[in-house]
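Please keep the sequence and the structure at hand while reading.

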Amino acid sequence: MESKFEFAKELVKKAGQYILDHMKEDLYVETKSSPTDLVTRLDKEVQELLVGEILSRYPKDKICAEEGCLRASVQEGKVWVIDPIDGTNNFVAQQEDFAVMMAYFENGRGQFGLIYDVVKGDCYHGGGKFPVCRNNQLLAPFKAKPLGDFLIAGNSGMLETNEWGLADLSRAVLGVRVYGSAAISFAKILSGRLLTYVTYLQPWDYAAASILGESLGYRVVTLSGEAPDFQTRQPVMMLPLEMQEEIQSYIYERKKLKCNFQKDLLKNMKRY
């Protein structure tokens, strides 16, 4: 496993250098599911680089990746989960605040994860039996403090409509940040700069963070508090286990209270 981990660290940096070498060229930007869901030629080329290097070295391993139709289940065998450029909108509009992400699983168990902030050159790596570091610096486990002393990150649309009670939570904390990248948001949680990140994500968006965070006292869960399925797009959050109950009292229980209020209102309306 040690040699595989070292190979992965070298590979994400190779992918990052490829992006830096070509990011000033024509990106050939296309849309996928919506006008704000972008993909560039570099997303595709970087994924091809990563997949090619992995399968050349480990031909029996499987791949789950964002672009194309590589969708191996992390529950079955040796599986690499890849997001070639997380934060593509940031990449296109700002050319910063994006990252390469990889995670490695064996029969459903995360062995290590990597988040590589390409422009800053910061590589978050570890998990499983490996210590979690930013470059060569060990990252500290989560340290609790009052909820009102923390910043959180989230989805701006969810915040605007108070979906899943995100606006309720935002009023209980110090403030909310929107970074436009799951990788960048997760990296700030791992560094102790954010308490939680709440949004809708695909497996390749949260796979690396789920492994990295576990060693530091964090967990990636659905907004109803369950383990994510690693197969579909789901509403998820990364949070410290120590404060999960307190956070979910805003994110989960208040949504149920709203549903109960609506049911009571309908009952009253039927009386008249």
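## Nonpolar cores

The largest nonpolar core has 55 residues, and among its members Val81, Ile115, Phe186 and Ile251 touch the most others; such a core is a set of buried Ala, Val, Leu, Ile, Met, Phe, Trp, Tyr and Cys residues joined through side-chain atoms within 4.5 Å. Helix H7 (residues 203-214) gives the most to this core, contributing seven residues, and at least three residues come from each of domain 1 (4-138) and domain 2 (147-250), the domain bounds being taken from an automatic or database domain assignment. The model is a predicted one, in which local features need pLDDT of at least 70 and side-chain atom pairs count only at pLDDT 80 or more, whereas totals for chains, interfaces and linings use all residues. Residues are numbered from 1 along each chain as its sequence is written, and side-chain values use heavy atoms, with hydrogens and water left out.

Phe186 is in contact (heavy atoms within 4.5 Å) with Ile115, Tyr197, Leu201, Asp205, Tyr206, Ala209 and Met238, once neighbours within four places in sequence are left aside. A second, separate core comprises 32 residues, including Ala8, Val46, Ile63 and Met102. In soluble globular proteins, nonpolar side chains tend to be buried together.

Helices (H or I, at least four residues) and strands (E, at least two) are DSSP runs, numbered from the N terminus, and two strands are taken to pair if DSSP finds at least two bridges between them. Strand E7 (residues 122-127) runs antiparallel to E8 and is joined to it by three bridges, with Gly127 standing opposite Phe130 of E8. On its other pairing, E8 meets strand E9 (residues 137-138) in the antiparallel sense over two bridges, where Cys133 has Leu138 in E9 as its bridge partner. Four of the five residues of strand E8 (residues 130-134) are buried, so this strand is largely enclosed by the rest of the structure; buried means under 20% relative accessible area, exposed over 50%, and partly exposed in between, with a 1.4 Å probe and protein chains only.

Both hairpins contain a residue with positive phi. The hairpin of E7 and E8 has two residues between the strands, and Gly128 takes the positive value there; the hairpin of E8 and E9 also has two residues between its strands, and here the residue is Asn135, which is partly exposed at 28% relative accessibility. Gln95, in the loop between helix H3 (88-93) and strand E5 (99-106), likewise has a positive phi although it is not a glycine.

| Residue | Phi |
|---|---|
| Gly128 | near 65° |
| Asn135 | near 55° |
| Gln95 | about 60° |

Gln244 is found in helix H8 (residues 244-251) and counts as buried at 11% relative accessibility. Not counting residues up to four places away in sequence, Gln244 touches Arg219, Val221, Gly225 and Leu239.

A search of the whole structure finds zero disulfides, a disulfide being a pair of cysteine sulfur atoms within 2.5 Å. The sulfur of Cys64 has its closest cysteine sulfur in Cys69, at 11 Å, which is too far for a bond. Cys64 counts as buried at 4% relative accessibility, whereas Cys69 is exposed, with a relative accessible area of 72%.
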